[in-house]
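Q: Hey, I've just opened this one and I'm new to it. Can you walk me through what's in there?

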Amino acid sequence: MLKDWNGLEKPEAQELDERLKAARAKLAVQQMQIKEHKLPVFVLFEGWGAAGKGSVLGKVILNIDPRFFKVFTMDIPTEEEKRKPFLYRYFVKIPEAGKFCFLDSGWMDEITRDCLHEDLSDKEYKKRIDSVKRFERQLTDNGYLVMKFFFHISQKEQQKRLKGLEEDENTSWRVSENDMWQNMHYEKCLKAYDRYLNDTNVSTSPWYIVDAKSKKWAQLQVLETLVSGIDTALQNRSIAVPLLQNVFPMEKMPKLSEISLDKSLTPEEYKKELNELQARLGVLHNELYRRKIPVVIAYEGWDAAGKGGNIKRITGALDPRGYEVQPIASPEPHEKARHYLWRFWNRLPKTGHITIFDRTWYGRVMVERLEGFCSENDWQRAYNEINEFEKELSDWGAILIKFWVQIDKEVQLQRFTDRQNTPEKQWKITEEDWRNREKWDYYETAVNEMMKKTSTTFAPWHVLESNDKKYARIKALKIVIQEIEKKLQL
């Protein structure tokens, strides 16, 4: 893209000023339309060091209400960020609906820098490219406008700018070692950037190459491209997104009605196994921490199925400094205003730690589907998006364990009645629980489809037969231990 790129024809000074004025005025109007139509706009500025990304960014945001945008300068990842998945620090910065987010450098800079300094193998590079393409596509599929700009200058122009910055004591700090390295290895960098731009240039989030030799001309290119992109996105808001076919290997799952719940343990068996398994899990937790392996345990299941007690028996074996339980309720307004997976990306553990989710991202294809909180296209599309999310966790090196806690309708009624008639348990039962029970058959259909479409080989579902809670607790502990030992190769 860069090697064969000749740039656009730069207008005369007067025309340039007039077009700049018109583009700024247009953007000032569009910010209110963006707010009204709840369009989130994610703008990525990449390019050569000293190409003027920061100064252009400063001019672009001048005409936007500061309440409606955020700017982030993405430097090399911190030690804390390195203990999260690669996409974590970018996903958590996506804007709310109706707002802008501007990134000064981002995932392109991180990937190409790692390649250029040989910190990333070709295999890992291709993996990251797949991750980036999925990330950008998920955003655009969920109504985001993703605009990507690459600021391009020649080696000679970059050298001149770096020298000018270095000679002024007020600007010398802006010249980094990486900028100087870039200029010295310009052709090598050009090749890496060209490869990346070609690998990630797709119709839904294309790259725009900015001729950055003149700062005013660069401003105009960005502003006119941005306002044009916003106009197109506002016009296309109602277009449904095509559903993608699953590309991941799957494991066959039985229907819930085919699972026998006639399984139980005696009190003596339960006590003996519980003590042994918790002791083993405690030892494994220390090993996980030492080897910096993250664990994500996801719980879904019927109301009153025993998820809380099951979780308690797992956490009872763990060092409290090394795990966190995330109870997931209805999304808060700031969570609803973003991609539905945003709140789960925010809650991921760092390496060596365990996060247990009590309810999960699967709400999209159960509660949100059945209660009409999202469109049919949204929840149908979510199966593939969830598989992609879990693939990111798997590729990161996480142990991902998914439990469905299963009971029958009669046992649920017994437990609901017990909760309602026992004062200290009444907080556990709500009107919503009774309403959901009336939709049992609909939920069962949704769960069967969910498990069929999301039980991948890298993140299969495990059903816990929980008519006998004690049996389900022991089974869960055994599965957690088995998955950890498999990862640790013990």
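This is a predicted model: local features need pLDDT of at least 70, side-chain atom pairs count only at pLDDT 80 or more; totals for chains, interfaces and linings use all residues.

Q: Okay, so what order do the strands come in, in the open sheet that has S7 in it?

A: The order is S7-S8-S6-S9-S10, five strands with parallel pairing. Strand S7 (323-327) and strand S10 (461-465) are the edges, each pairing on one side only. From one strand to the next, the twist averages 20°.

Q: How many bridges join S9 to S10?

A: Five bridges, with strand S9 (residues 399-406) running parallel to S10. As an example, Trp 404 has Val 463 in S10 as its bridge partner.

Q: And the open sheet with S2 in it, what's the strand order there?

A: That one goes S2-S3-S1-S4-S5, five strands with parallel pairing. Its edge strands are strand S2 (69-73) and strand S5 (207-211). The twist averages 20° from one strand to the next.

Q: Which residue in S3 does Phe 72 stand opposite?

A: Leu 103. S2 and strand S3 (residues 100-104) pair over five bridges, in the parallel sense.

Q: Which strands does H4 lie across?

A: H4 lies across S1, S3, strand S4 (145-152) and S5, and runs at about 35° to S1. Helix H8 (residues 186-199) packs on the sheet too, touching S4 and S5, with its direction at about 160° to that of S4.

Q: Switching to helices: at what angle do the axes of H4 and H5 cross?

A: Roughly 175°, and the axes of helix H4 (residues 107-116) and helix H5 (residues 122-141) come within 11 Å. Angles over 145 degrees count as roughly antiparallel, so H4 is roughly antiparallel to H5.

Q: Which residues make that contact?

A: From H4, Trp 107, Glu 110, Ile 111, Asp 114 and Cys 115; from H5, Tyr 125, Arg 128, Val 132, Phe 135 and Glu 136. Six of the residues in that contact are nonpolar and four are charged, with no polar ones.

Q: What lines the largest cavity?

A: Its lining includes Leu 87, Phe 91, Phe 135, Leu 341 and Trp 345. H5 gives the largest share, four residues, and helix H15 (376-396) supplies at least two. By class, the lining has six nonpolar, two polar and three charged residues.

Q: And which helix gives the largest share to the second largest cavity?

A: H4, with four residues. H7 supplies at least two. Among the lining residues are Asp 109, Arg 113, Trp 181 and Tyr 193.

Definitions and conventions. Residues are numbered from 1 along each chain as its sequence is written. Side-chain values use heavy atoms; hydrogens and water are left out. Two strands pair if DSSP finds at least two bridges between them. Axes are lines fitted to C-alpha atoms, for helices over the stretch in contact, and angles run from 0 to 180 degrees between N-to-C directions. Angles under 35 degrees count as roughly parallel, over 145 as roughly antiparallel, 65 to 115 as roughly perpendicular and the rest as oblique. Contact means heavy atoms within 4.5 Å. Ala, Val, Leu, Ile, Met, Phe, Trp, Tyr, Cys and Pro count as nonpolar, Asp, Glu, Lys and Arg as charged, and the others, Gly among them, as polar. On a 1 Å grid over the protein atoms alone, a cavity is a set of points where a 1.4 Å probe fits but cannot get out, and a pocket is an open set with protein on both sides within 12 Å along at least five of seven lines; lining residues have an atom within 4 Å of a point.
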